[in-house]
Amino acid sequence: MKKLLTIALIFLLAIAAWSSIDTSDMIVHIGDEEFDGPLGALLGLVFGGMGLVIAAVVMVCVAVFLGFLFAGLGILMLTGLVLLAIVLVAVMSPLMLPLLIPAGIIWFFVARNRKHKDAPQLPAKDVEHAAV
């Protein structure tokens, strides 16, 4: 009895939903055929829903494409900025020469002191064996 009541209730709700769609003015043209009434409304809803699903898939594909595109453009922009920095340094290098000469001398002395500090110190008796 409960099963029959459930089926009857679902059937009545389906009829109510079907009649709530105003189908008196809806005519769907597919090819040369015209569909009106409840079938036309159903076809209109189904094709409209399919159009929305297709639009959603297209939007997702476009979003993924734009993500890859803008990532690639970001890499190109970064490369362009690095090249611009290199060109600016090349243009400014003659003007920076008075600053670079003392910096190079200091760099040489620091590197030389570090090289002498990092070299291993051999004991005196191992020096004789190391020379042989």
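The protein chain contains three helices and two strands, where helices (H or I, at least four residues) and strands (E, at least two) are DSSP runs numbered from the N terminus. The model is predicted: local features need pLDDT of at least 70, side-chain atom pairs count only at pLDDT 80 or more, and totals for chains, interfaces and linings use all residues. Residues are numbered from 1 along each chain as its sequence is written, and side-chain values use heavy atoms, with hydrogens and water left out.

Begin with the whole chain. Its elements follow the pattern α-β-β-α-α along the sequence. Of its 132 residues, 5% count as buried, that is, under 20% relative accessible area with a 1.4 Å probe, protein chains only.

Next, select residues 2-20. This is helix 1, with 19 residues, and it reaches 27 Å from its first C-alpha to its last. That span is close to the 27 Å expected at 1.5 Å a residue, the expected value being 1.5 Å times one less than the number of residues. Because the number of buried residues in helix 1 is zero, it lies largely in the open.

Move on to residues 27-30 and 33-36. These are strand 1 and strand 2, which run antiparallel and are joined by four bridges; two strands pair if DSSP finds at least two bridges between them. Select H29 to find E34 of strand 2 opposite. Two residues separate the strands in this hairpin, and G31 in the turn has a positive phi of about 65°.

Finally, colour the chain by pLDDT, the predictor's confidence in each residue from 0 to 100. The chain averages 82. Confidence is highest in helix 1, at 88, and lowest in helix 3 (residues 124-131), at a mean of 56. Where pLDDT is low, the predicted coordinates should not be read in detail.

Notes. Buried means under 20% relative accessible area, exposed over 50%, partly exposed in between (1.4 Å probe, protein chains only).
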